[in-house]
Structures are given as structure tokens and as C-alpha cells.
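Please find below a short note on the model, arranged as numbered points. Comments follow the display.

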Amino acid sequence: MAAMRIIVIGAGIVGLASAWWLARDGHDVTVLDRAPAVGQGASHANGAQLSYAYVAPLAAPSVPRNLPKWLLSGDSPVRVRPGLDPGLAVWLLRFLTACTTRASDRATGHLLALSALSRASLHEMMQATPVEFHHKRNGKLVVLSSAQSMRDAERQMRLQATLGSRQEALTAAECVALEPALATIGGRLVGGIHTPEEEVGDCLALCEGLAGVLAAAPFNVRFRLGTEVRGVRREGRRIAALRTDAGEIDADAYVLAAGARAGRLARLAGIALPVRPMRGYSITAALRPGNAAPVRSITDAARKVVYAPLGGALRVAGFAEIDAGRDELRPERIAALTATLAETFPDACAAEDLHPERVRPWSGLRPMTPTSLPVIGRTRVANLLVNAGQGALGFTLAAGSARLLADIVAGREPGVAAEAFAPG
Ligand SMILES: Cc1cc2nc3c(=O)[nH]c(=O)nc-3n(C[C@H](O)[C@H](O)[C@H](O)COP(=O)(O)OP(=O)(O)OC[C@H]3O[C@@H](n4cnc5c(N)ncnc54)[C@H](O)[C@@H]3O)c2cc1C
């Protein structure tokens with residue numbers, strides 16, 4: 001297909017990876033973001049896990065069982081804050097409808113295929129244009145604290161084994177033997193699922209590195225940062241131009257990669273997209289010399305907290321607040337993450353490095369769809385494509401999502417079943 005002028009809206013990891021694959025195909029790409037720098041949205045300080053095998057959708061059969069507990073508890077890791085937004089009710093209904101074994105297994109299959117494509121695609125990108133982002137294959141251990149959650153996890157592991165995942169179930173003692181830093185909480189564990197091939201990396205460093213690569217030859221991508229899209233000018237079935245705070249900007253095609261705000265922006269173009277923000281929090285604490293910190297990425301399923309070693313620091317992330325996406329960083333969430341870190345890995349960090357001002361508090365909005373399947377492909381607006389809704393796995397799925405998008409634009413046979421991710 002002939003090269004086109006394409007504007008990618010969003011300079012998070014999904015937009016930047018999209019720009020990489022589109023520019024590699026010879027398109028003339030501009031990346032536009034309202035923030036003054038790349039990676040300022042959800043891609044900034046996320047959980048850092050390239051979690052290729054741990055892709056089960058959030059809409060799990062266990063959710064209806066746990067929902068009353070989450071809704072009633074004030075300090076629950078999962079929280080729904082109903083607002084005046086009728087879209088939220090529709091989204092929640094679709095989410096609950098997806099909480100069946102059948103829907104969850106089906107989504108797992110599609111997400112595993114996309115994550116395998118993502119691993120291969122990220123490795124290909126890094127071979128072609130290396131970027132330093134603390135990228136490592138460190139493995140991941142999900143530890144579980146109840147017999148029921150262990151049974152659920154083993155069932156998921158057996159399903160994924162039939163789809164090619166290499167994972168093993170461990171007893172509590174085996175978890176502690178593999179990762180001695182877990183000794184403090186060993187008493188409450190019933191076991192874990194170990195995935196030796198999982199990877200870790202700093203998503204912001206990857207965004208910044210990619211921006212550097214993209215700005216140079218042979219990619220020659222242009223960046224229009226600090227430019228907000230406020231509307232679109234339609235001409236029939238096409239977008240004629242984006243209306244921005246810097247005036248109208250036009251192209252042959254537009255890729256909506258605006259993360260948690262993709263749903264809102266799609267509405268401006270007359271399209272319904274089931275992407276809603278789900279807020280999460282992180283801290284990044286310096287490791288002390290001779291520390292007893294985990295080497296692998298750890299997910300403490302009971303606490304719904306993930307830990308990832310990142311250079312000389314430990315990234316700790318958690319919480320899921322389904323809300324209207326107000327910009328706020330609640331100090332009690334940061335205090336809770338810090339307390340959980342101190343309790344779980346008491347010898348990882350020096351006490352002074354756990355001070356609220358030194359833990360680099362952050363919060364961001366995961367772009368969630370009800371099924372956890374991202375939305376990738378052409379829309380019924382002829383020159384508008386979407387690449388959004390990667391949810392809690394956007395760092396993991398960015399490279400494969402971007403490659404799928406470029407394949408769709410080029411009319412190439414994609415490496416995964418594209419219809420599973422098609423808008424609408
Ligand atoms: C606490 C937390 C932990 C996480 N942990 C992990 C993890 O361990 N592994 C993993 O794979 N994923 C993780 N995620 C998910 C991952 O961070 C996201 O899925 C991913 O960053 C989404 O990337 P994105 O490019 O779609 O969105 P973003 O990074 O949010 O980028 C979207 C961009 O669009 C721009 N934009 C929005 N509206 C406009 C507009 N009107 N005009 C111009 N620009 C606009 C924004 O400024 C933003 O820069 C986590 C997320 C959170 C919040």
C-alpha cells in the first residue's frame with residue numbers, strides 16, 4: 001500500500017510502539033500528545049512487568065464471589081466509585097457479563113496469542129533499535145494465600161499449558177526456597193505459580209528511548225507534544241482534520257492511542273469505544289546495599305500488589321479504582337503500598353528511603369475494556385484506527401498491538417486473529 005501521512009494520538013507506550021511499526025513500513029508519522037513529554041500517562045511508573053504468561057482477564061469467574069467483600073471494605077484493593085456517568089453502569093454490566101469461565105478462557109486464548117506476538121515484536125524492535133530500559137528476563141512468581149485462589153490459579157495454569165505457556169505450581173516452601181526474600185510472609189502462603197520466562201523493564205525509559213529512535217533517520221517521526229486534541233472535523237465518513245489547541249492538523253489517517261482517554265476522544269469522532277479508566281498507584285523505593293529484595297517479579301495475589309526489581313530500586317504497584325478518571329493521587333494509597341512493602345520485604349530498603357517524600361509516589365489510569373481485550377483496528381470512520389484498551393497489560397502488549405495495527409494498515413496477514421480485537 002502507498003505510504004500515508006498518519007497522526008498517532010498519544011505518546012504512551014502504545015502510541016510510540018505504533019509509530020515505530022508504522023514508520024518502519026515507510027509511513028510519514030506524527031505523534032501528538034497533550035503532555036509536554038512522552039510517557040506521561042499510564043506508561044510513566046507502572047508495575048514494570050512484561051508479563052507475557054500472566055494475561056488472564058480481569059473479568060474472572062471469581063469476581064462475582066469477591067465483589068461484595070470489595071464493595072463493602074473501605075481499604076479494599078479494588079474499588080468502584082459510582083459517579084453520575086451512565087457509561088459506567090453499561091461498562092460494569094458488560095464486565096460482569098464477561099465473568100464466566102467460557103468468556104474468560106476465550107479472552108485468555110486471544111491475550112496469550114497477542115502477548116506471544118508482543119514478546120517477539122519487542123525483541124525484534126530492540127534488536128533493530130536497542131534502547132536501555134533495565135530490560136531483563138528475571139521470571140515471575142505469583143504467590144497465593146488461600147486454598148481457593150491456589151485452585152483457581154492451578155486451573156488457569158492448566159488451561160494456559162494447553163495454549164503453550166511454560167509455568168509451574170510451587171508449594172509455599174518451594175516459593176520461599178526460590179525467592180528467600182519471601183520468608184517473612186512464608187507462613188501465610190499456600191503456594192505459587194512460577195513463570196521463568198517473564199521479563200521486567202522500565203516503561204518510561206523505553207518510551208523515552210523509543211522517542212529518540214523515532215525522531216532520527218530512518219524513522220523521521222515528528223512529535224507535536226503539548227498539543228491537545230479537542231475535537232475532530234468530519235467530512236462524510238472521514239476525519240478531515242483534528243481540532244487541537246494549536247489549530248487544525250490534518251493527515252491521511254489517524255490512530256487513536258490515547259490510553260484511558262481513548263473512549264472520550266472516540267466519542268468526539270462519533271464512535272463508542274468501551275475503554276474506561278481504572279486508577280492504580282505505584283511507589284519506587286531505593287534498595288539498600290546488601291538488601292533482601294526479590295530478584296524475580298512478585299505478585300502477592302492476596303494483597304493485589306506487584307513488585308518488580310528495576311535497577312537499584314523496587315517498583316511496587318497496586319490498587320484498582322474504577323472511577324471517572326479524576327486526576328488525583330491519594331496519600332493513603334501510597335502509605336498503604338509503602339506499609340505493605342515494609343511488611344513483606346522488611347530488609348529490602350532502608351527506613352529513611354520509605355519516607356513518603358522518597359518513595360516516588362505515582363498514580364495512573366489503566367485503559368480498561370470490560371473483557372480486558374484491547375481494541376485494535378479500523379473503525380467505521382474510514383480513516384480512523386484505534387489502538388487502545390490494553391488495560392493492566394499495556395506495557396506487555398504494546399509491541400504486538402502495534403505490529404497488529406501496522407499489519408492491518410498494510411493489508412498484511414496478521415500474526416493473531418485480528419477479529420478478536422476489532423472495534424465494534
Ligand atoms: C499502577 C499500574 C500498574 C501497571 N502495571 C503494569 C505492568 O506491570 N505491566 C503491564 O504490561 N502494564 C501495566 N500497567 C498498564 C500499562 O501501564 C498501560 O496499559 C499502558 O501504559 C497504556 O499505554 P497507552 O500508551 O495506551 O496509554 P498512556 O501511557 O496513558 O498514553 C496515552 C497518552 O495519550 C495522551 N492523550 C490523552 N488524551 C489526549 C488528547 N485529547 N490529546 C492529546 N493527547 C492525549 C495522554 O497524554 C497520554 O500521554 C499498569 C498500569 C497502572 C496504572
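**Sheets and ligand shell**

1. In strand S2, Asp 28 is the bridge partner of Arg 5. Strands here are DSSP E runs of at least two residues, helices are H or I runs of at least four, and both are numbered from the N terminus. Strand S1 (residues 5-9) and S2 pair in the parallel sense over 5 bridges; pairing requires at least two DSSP bridges between the strands.

2. The model is predicted: local features need pLDDT of at least 70 and side-chain atom pairs count only at pLDDT 80 or more, while totals for chains, interfaces and linings use all residues. Residues are numbered from 1 along each chain as its sequence is written.

3. S1 and S2 belong to an open sheet of 6 strands with mixed pairing, in the order S9-S2-S1-S13-S20-S19. Its edge strands, S9 (222-225) and S19 (375-378), each pair on one side only.

4. An open antiparallel sheet has 3 strands in the order S10-S11-S12. Strands S10 (229-235) and S12 (247-249) each have a single partner strand, so one side of each is left without a neighbour in the sheet. Strand S11 (residues 238-244) is joined to S12 by 3 bridges, and Leu 242 has Ile 249 in S12 as its bridge partner.

5. Around the ligand there are 44 residues (C-beta atom, placed from the backbone, within 6 Å); Gly 12, Gly 41, Gly 47, Gly 259 and Gly 394 come nearest. Elements giving two or more residues to this shell include helix H1 (13-24), strand S2 (28-33) and helix H10 (394-410).
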